[in-house]
Amino acid sequence: MKFWFSFFYKLVISGLRIPCYLTAMNIFRFAGDSSHLIAIVILVMKIWRTRSCAGLSGKSQLLFAFVFTSRYLDLLNFISSYNTIMKIFFLVSSYGTVYLMFFKFRATYDRNHDTFRIEFLIIPAAALAFFINHQFSFMEISWSFSIYLEAVAIMPQLFMLSHTGSAETITAHYLFALGTYRALYILNWVYRYYTEEFFDPIATVAGVVQTVLYADFFYLYVTRVIRGHKNLELPA
């Protein structure tokens with residue numbers, strides 16, 4: 001496992017350095033990508049250090065693995081070193097997390113509270129991707145599917161949180177960083193619209209939906225964890 005942490009660390013450090021040399025990278029996208037990387041590192045470190053995946057939804061992690069798999073089918077199409085490193089990191093970390101939760105530390109996985117039926121998310125996302133896409137091709141449908149599914153992939157985790165009524169502080173930090181990533185990407189799209197006249201309705205609408213899902217959590221995180229210095233607990 002030390003190998004994987006070393007691998008993750010090198011990817012993160014490399015990923016953070018590369019954008020400094022890319023003039024096309026705007027600050028909002030870079031900040032969003034950084035927040036996403038931080039969220040995943042927090043998640044993996046939490047599982048490994050505590051030797052437990054208690055309080056985490058394995059179903060959400062499976063959905064994220066599906067998201068990155070369908071999104072990065074073009075992994076071998078080189079665009080930039082930054083792009084390739086990020087793709088590899090997200091693929092490796094998502095499947096690594098699934099391995100930790102369902103195999104390495106499966107005894108600590110709380111199946112009793114992780115009961116959200118993910119087929120209710122996968123099937124609509126697949127249907128939307130089939131009918132609403134940029135181009136009716138396998139790669140574009142797969143990409144659209146990943147965008148739609150990512151928008152709701154956190155729902156099993158939030159559903160689990162509502163059932164347990166609380167979350168460890170480190171888990172709350174992970175969720176906050178993950179939600180911040182998508183909120184920053186909305187600013188990235190706004191920036192690109194005004195500077196490049198670029199607008200992607202699929203990614204933008206899905207991103208707004210994803211951010212809205214975090215709204216209640218953001219409020220609780222600020223009031224309970226940041227200001228109260230406590231574990232995140234839902235009001236009775």
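These legends accompany several close-up views of one predicted model.

**Figure 1**
Along the sequence, the elements follow the order α-α-α-α-α-α-α-β-α-α-α-β. The chain has 236 residues, and 47% of them count as buried. Take the contacts with a separation of 6 or more: residues 24 or more positions apart account for 77% of these. The chain exposes about 12,400 Å². Carbon and sulfur atoms supply 66% of that area.

**Figure 2. Helix H6 covers residues 138-152.**
H6 has 15 residues. From its first C-alpha to its last, H6 reaches 22 Å, close to the 21 Å expected at 1.5 Å a residue. Eleven of the 15 residues are buried, so H6 is largely enclosed by the rest of the structure. Among the buried residues are Ile 141, Phe 145, Tyr 148, Leu 149 and Val 152. Glu 150 is also buried, as are Ser 142, Ser 144 and Ser 146. Which helices do the buried residues of H6 pack against? They pack against H2, H3 (58-71), H5 (119-131), H7, H8 (169-196) and H9 (201-213).

**Figure 3. Helix H7 spans residues 155-164 and holds several buried residues.**
Look for Pro 156, Gln 157 and Leu 158, which are buried. Met 160 and Leu 161 are buried too. Just after H7 comes Gly 165. Gly 165 takes a positive phi of about 85°.

**Figure 4. Ala 31 sits in helix H2, residues 27-50.**
Is Ala 31 buried or partly exposed? A residue must fall under 20% relative accessible area to be buried and over 50% to be exposed. At 27%, Ala 31 therefore counts as partly exposed. Now find Leu 184. Ala 31 and Leu 184 are 153 residues apart along the chain. Their C-alpha atoms are separated by 6.9 Å.

**Figure 5. Two of the aromatic pairs show two arrangements, stacked and edge-to-face.**
The structure holds 19 aromatic pairs. In one, the ring centres of Phe 68 and Tyr 72 are 6.0 Å apart. Their planes meet at 5°, so this pair is stacked. Both Phe 68 and Tyr 72 are buried. In another pair, the ring centres of Tyr 193 and Phe 199 are 6.3 Å apart. Here the planes are at 80°, so the pair is edge-to-face. Tyr 193 is partly exposed, with a relative accessible area of 44%.

**Figure 6. Five aromatic residues form one cluster.**
The members are Phe 176, Tyr 214, Phe 217, Phe 218 and Tyr 221. Trace each ring in turn.

**Figure 7. Two arginines lie over aromatic rings, Arg 51 and Arg 192.**
Arg 51 lies over the face of Trp 48. The distance to the ring centre is 4.4 Å. In the second case, the charged end of Arg 192 sits over the ring of Phe 198. It is 4.0 Å from the centre of that ring.

**Figure 8. Four stretches carry the UniProt feature "transmembrane region", from an unreviewed entry.**
UniProt places them at residues 85-103, 115-135, 173-191 and 203-222. How much of residues 85-103 is helix? The model gives 100% helix and 0% strand there. The end C-alpha atoms of residues 85-103 are 26 Å apart. Residues 203-222 are 95% helix and 0% strand. Their end C-alpha atoms lie 27 Å apart.

Notes. Residues are numbered from 1 along each chain as its sequence is written. This is a predicted model: local features need pLDDT of at least 70, side-chain atom pairs count only at pLDDT 80 or more; totals for chains, interfaces and linings use all residues. Side-chain values use heavy atoms; hydrogens and water are left out. Rings of Phe, Tyr and Trp (its six-membered ring) pair if their centres lie within 6.5 Å; planes under 30 degrees apart count as stacked, over 60 as edge-to-face and the rest as tilted. Buried means under 20% relative accessible area, exposed over 50%, partly exposed in between (1.4 Å probe, protein chains only). A charge sits over a ring if NZ of Lys or CZ of Arg is within 6 Å of the ring centre and within 35 degrees of the ring normal. Helices (H or I, at least four residues) and strands (E, at least two) are DSSP runs, numbered from the N terminus. UniProt positions are given in the numbering used here, feature names are shortened, and annotations may be inferred rather than shown by experiment. The expected span of a helix is 1.5 Å times one less than its number of residues. Contact means heavy atoms within 4.5 Å. Accessible areas come from the Shrake-Rupley method with a 1.4 Å probe; for residues, only the protein chains shown count as cover.
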